[in-house]
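Please look through the structure shown here, with attention to its charged pairs, its helices and its surface.

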Amino acid sequence: MSAREKVKVLWLSKHSILPVEINALKKLLDEPEIVMYPYQVYSIDHIVQNVIKPRHIRVVISLLPLTITSRLVQLASEMGFEVWQPQMMHLHNDDTPSCKEYDPERDIMLKTRDHNNKVFYRHSRFMYFQRIKEIKIEAEPILPPSEKRDMKKELEKTGVVSK
């Protein structure tokens, strides 16, 4: 993707885009057309088939959980789009959503709860966008030996794992 090409951008987040993020996109992409998708995402495959492909989206900015973003990254190269994320710098936590340092052009105050269910606000500031090239999650089941044998047998029956 060339730096000065008109590009459709999908904003995948329930959070609104900040003015500084719009300006950053304009510097990077020359009149980007930003498509907002502030809804709950249940399936990345649904988003790809019903939003990304028909609208010819070239950049997807994802603020979704890592497992969902990982699926986007897997599909990106074969579908012809890139996955970006805004890089935010955490400034501090506040007890209230009002902060003397808050700049509505470039900051967010994210309502959060601690382990005691006490509300606090994470004050963060946009720094730049980053292109997500790969997300790798390595995992293995943690099972007692007897259940591990049973699970392997079940998987062999379904053909997922060969004998």
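Asp107 and Arg125 are joined in a salt bridge whose closest N and O atoms are 2.6 Å apart, a salt bridge being a side-chain nitrogen of Lys or Arg within 4 Å of a carboxyl oxygen of Asp or Glu. The pair links distant parts of the chain, with Asp107 in strand E5 and Arg125 in strand E6, 18 residues apart, and both residues are buried (under 20% relative accessible area, whereas exposed means over 50% and partly exposed in between, with a 1.4 Å probe and protein chains only). This is a predicted model, in which local features need pLDDT of at least 70 and side-chain atom pairs count only at pLDDT 80 or more, while totals for chains, interfaces and linings use all residues. Residues are numbered from 1 along each chain as its sequence is written, and side-chain values use heavy atoms, leaving out hydrogens and water.

**Other salt bridges**

- The structure holds seven salt bridges, among them the one between Lys118 and Asp95, with the closest N and O atoms 3.2 Å apart.
- Lys118 lies in the loop between strands E5 and E6 and Asp95 in the loop between E4 and E5, so this pair ties together parts that are 23 residues apart in sequence.
- Lys118 is partly exposed at 45% relative accessibility, whereas Asp95 is exposed at 57%.
- Arg106 and Asp103 also meet through their side chains in a salt bridge, at 2.9 Å from N to O.

**Helix packing**

- Helix H2 (residues 44–55) packs against helix H3 (residues 66–79) at an angle of about 45°, with their axes 10 Å apart.

Notes. Axes are lines fitted to C-alpha atoms, for helices over the stretch in contact, and angles run from 0 to 180 degrees between N-to-C directions. Helices (H or I, at least four residues) and strands (E, at least two) are DSSP runs, numbered from the N terminus.
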